[in-house]
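Biologist: I am new to this structure and would like to learn how its features are read. Could we go through them one at a time?

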Amino acid sequence: MIVAAWICLLSPLAAALLITLLGNGISRRGAGYLATLAVLVSFVAACVAFFALWGDAPHDRSHYSTVWTWLQSGSFSAGLRVLVDPLSTMMMLVVSGVGSLIVAYSVGYMDGEDEERRYFAYMALFVFSMLLLVQSGNLLLLLAGWGLVGLSSYLLIGFWQERPSAIAAAKKAFVMNAFGDATMALAFFLLIQHTRSLSFETVFARAPGLASNHWLVNLVALGLLGGAVAKSAQLPLQTWLPDAMEGPTPVSALIHAATMVTAGVYLIVRTHVLFELAPKVEDLAAGLGAATLLLAGLIALVQTDIKRVIAYSTMSQIGYMFLGAGLGAYANGMFHLMTHAFFKALLFMAAGLVIHALAGEQDIRKMGGLRGLMPRTYRAFLVGALALVGLPPFAGFFSKDSILAAAMHDGWYGYLLWSAGLVGTFLTGLYTFRMLFVVFGGEPSAFVREHLIRPRRHGHVHHGEGPFSMTSTVAILAVLSLVGGWIQFAPLWTPVTRWLDVVAPTLHHAEATSWQEGISSGLAFALGLAGLVTAWLVYSRRRLAVPRLPFAQRMLERKLYFDEAYDLVFYRPAVGAARFFGRIVEPFAVGGSITGLARGTRDVARGVSEAQTGLLRNYALAMAGGLAVLVVVFISVR
Amino acid sequence: MTLGILGPEVSWYLAVAAFLFATGALGVLLRRSPLIVLLSLEIMLNGANLALIAFARHQGNGAGQIFALAVMAVAASEVVVGLGLIVAISRRNLDLDVDKLRTLRG
Amino acid sequence: MILAFDAGNTLVWIVWIVAAFACLGSGIAVVSFTNPFFSALALIGNLGALAVLYLLLSAEFVAAAQVLVYAGAVMVMFLFVIAYLGGRADAPWAGGPSWQQVGAVAAAGAILVEIVVAIGLKAGGRLAHQQHVLSSFGSPHAIGRLFLTDHLLAFEITSIVLLVAAIGGVILGSHSRKLAGEKAL
């Protein structure tokens with residue numbers, strides 16, 4: 001099991017290194033196959049670890065393995081240490097499983113791209129980083145994985161480095177993530193100071209002793225929450241995620257489904273002991289999740305870029321996970337993470353098929369009528385959309401509704417969150433099917449006709465709806481999006497909750513009764529359906545007109561002015577201060593002192609060199625004068 | 001048999017020595033011919049020698065005379081080198097003028 | 001100061017005055033002659049007058065060395081060089097910036113005044129009482145003994161200095177090939 005875990009972790013790293021080192025020694029397609037194979041090996045190893053863990057007794061399912069202690073300072077030590085427990089194996093399965101499908105899909109999607117090798121090296125590195133994050137046995141290694149995930153996302157979002165917008169998006173993602181890294185690191189410093197350790201079991205064992213120090217536990221939880229919020233693109237650090245759509249579509253799928261944004265949820269669940277010590281911060285996390293899911297749903301209603309709509313849906317769904325994790329329904333959050341990985345990867349990859357077919361066009365206003373032209377893509381997209389909205393029997397139904405049910409058990413605040421979640425469900429139905437109807441419904445638009453119908457008429461059909469590597473992976477994900485939710489149907493059967501119970505038991509106040517489950521499921525189903533029907537009426541039947549609310553529409557199109565606000569609050573003052581210092585302080589205080597020093601030295605030297613006349617008699621006179629003065633001194637002193 | 005001093009006491013000799021030294025210094029500082037500068041230097045050295053010998057007599061200690069002899073040796077060496085330089089300068093057809101030899105100028 | 005007006009003392013005084021004034025006069029002459037040849041001759045006179053003063057201070061060996069080595073050998077070398085250079089040895093008397101001349105006179109005068117002041121004010125009393133010395137003081141015998149006992153090191157170093165100067169003089173004065181090469185350039 002331990003060996004399997006190490007293979008799982010190191011296989012993508014080996015692929016990344018191999019592709020990098022081989023350079024031109026490996027064909028472009030070979031690099032893709034190598035990366036796919038490596039991640040697939042990871043998945044197999046994760047499966048082996050999972051089944052081995054399954055065989056253990058429920059309370060003996062945490063296994064640590066340290067290969068090397070690379071930091072030893074007094075009583076503090078941190079090693080290269082992996083942890084295999086139910087939570088990490090679940091994440092390993094999701095990351096490597098969905099990751100391998102996405103990498104395989106990329107082989108077709110990136111075909112003909114100039115720098116495929118670099119792309120696949122980055123992809124393998126990304127998967128490795130995320131695996132390091134979820135498998136690490138101490139917080140330090142987790143932070144290393146955390147940072148590597150940020151780095152890989154930076155590299156991949158900016159993959160098309162000739163596009164200025166891609167570079168800007170990559171920088172934005174990196175800076176926002178770095179902010180989260182910083183708060184997390186600060187929290188870790190506090191933990192080192194007070195618990196003298198960063199390894200999970202020691203920290204979690206000693207943390208309850210710190211509970212009396214409210215400031216400390218709140219600060220630690222806030223720091224961790226900062227990291228989680230930044231990585232998972234929740235309010236108020238959400239602005240990088242939509243911009244991250246500048247990367248290739250499979251990268252978006254990877255970021256949204258398997259890696260990166262789910263890391264925040266994983267962190268909260270992993271360190272739930274610390275969060276439980278600070279209930280206010282937990283409530284804050286849940287509240288942020290609820291606010292994000294509403295906000296993202298609203299913004300998604302007006303987006304016109306197909307990938308951005310899906311990106312906002314991700315923010316919204318991660319909001320649900322935060323809601324669940326913040327409430328203490330960790331297993332529900334993790335379950336939703338898993339099903340979300342399936343249907344979000346499916347949506348992105350189906351959208352990728354559309355974009356691929358339309359020569360890179362992402363604007364849904366130019367699309368339309370694709371249903372008859374790409375029937376299989378349409379069906380896959382429909383499955384993903386239904387799973388996203390959470391209609392039975394698709395995956396989202398099982399996972400999302402139990403989160404809502406968990407919220408009902410938590411007093412008025414819980415009901416507030418619950419209603420936010422329900423409204424979110426309606427919004428989800430609305431924006432998802434708006435996208436679906438606009439892209440696939442109706443008659444083929446002029447743009448679509450130009451790109452899809454005319455080539456067909458001229459006999460240019462080369463690959464149906466996409467190459468095999470793309471369509472097959474989409475098909476697998478479509479099946480998973482359908483059946484993936486069936487493994488748990490609270491409260492009738494709950495294997496996921498029981499599986500995670502050892503690591504992160506659901507808090508008592510988040511345990512929903514059957515009745516709450518029933519009510520939540522019913523309402524969520526009804527509201528999701530209502531959203532669907534509304535979208536159908538507005539965008540397909542055109543019975544209803546879009547309400548004319550120019551102000552609200554502009555607000556949403558500008559993403560509630562978050563970018564502008566950050567621009568105003570952080571960027572402008574920083575630039576202003578920099579300009580001020582550059583104009584006022586730099587030339588005079590810094591530059592002036594340096595050049596002044598240099599000029600002064602030069603002037604003095606020039607003056608002194610004037611004294612070097614080269615005239616022997618002048619030197620002799622100087623000596624004689626000096627002698628005269630010295631004699632005066634001697635006479636007067638003695 | 002011991003000898004007392006005859007004639008003026010040491011102060012007068014020292015005054016003459018000081019005058020000689022100052023005269024030599026004036027010559028070094030004023031004259032432009034390197035030969036005259038060397039001769040003036042000899043006068044300065046002799047002034048110092050006179051002071052040394054006067055003090056040797058005053059103290060009744062022979063070390064001063066030894067010192068004076070050493071100074072004479074050094075003076076002879078200096079004259080040899082100085083004259084060698086002057087000859088070398090003239091052989092290169094350079095002006096024998098202290099003020100024109102100013103390659104040390106900064 | 002008690003002046004003993006005996007014949008010997010008076011004679012010594014007369015000799016001293018003559019020698020001292022010859023010394024000062026020839027010194028000024030050395031500095032002021034335009035022609036270096038005359039300056040060199042004046043310096044010979046200066047050295048002779050100094051030798052007389054040395055004799056009065058019972059430094060017989062130094063006086064003899066002064067006349068033989070200095071006035072004889074060294075000055076002959078001087079005269080040879082001056083003769084060798086001929087007319088090229090003539091340089092402007094003085095010149096250069098006026099502050100240099102003013103400064104030269106001021107510095108020389110300051111040194112003179114300071115030394116006289118130092119002698120008169122600071123050391124006047126202590127210089128009045130002179131040691132009585134043996135008649136052999138300053139004789140070649142005594143000097144030789146000192147040189148080869150107490151001051152052997154100084155003696156040896158002096159010899160090395162002379163050796164180095166001799167070598168330097170030979171090198172400077174010789175027609176080197178390098179010089180010829182430089183001219184060719």
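**Reading contacts and cores**

Modeller: Leaving aside residues up to four places away in sequence, A:Ala345 touches A:Val98, A:Leu101, A:Ile102, A:Ala253, A:Ala257, A:Ala258 and A:Leu477, where two residues are in contact if their C-beta atoms, placed from the backbone, lie within 7 Å. This is a predicted model, in which local features need pLDDT of at least 70 and side-chain atom pairs count only at pLDDT 80 or more, while totals for chains, interfaces and linings use all residues. Residues are numbered from 1 along each chain as its sequence is written, and chains are lettered from A and ligands numbered from 1 in the order in which they are written.

Biologist: How many residues does the largest nonpolar core have?

Modeller: A nonpolar core is a set of buried Ala, Val, Leu, Ile, Met, Phe, Trp, Tyr and Cys residues joined through C-beta atoms within 7 Å, and a residue is buried if 20 or more other C-beta atoms lie within 10 Å of its own. Here the largest core has 207 residues, and A:Ala345 is among those with the most contacts inside it; helix α15 (residues 330-357) of chain A gives the most to this core, with 19 residues, helices being DSSP runs of H or I with at least four residues, numbered from the N terminus. A second, separate core of 83 residues includes B:Met44 and C:Phe147.

Biologist: What share of chain A is buried?

Modeller: Buried residues make up 52% of the 638 residues in chain A.

Biologist: How many residues of chain C are in contact with chain B?

Modeller: In chain C, 79 residues are in contact with 68 residues of chain B, and α1(C) gives the most to that side of chain C, with 12 residues.

Conventions
Helices (H or I, at least four residues) and strands (E, at least two) are DSSP runs, numbered from the N terminus. A residue is buried if 20 or more other C-beta atoms lie within 10 Å of its own, exposed if 12 or fewer, and partly exposed in between; C-beta atoms are placed from the backbone.
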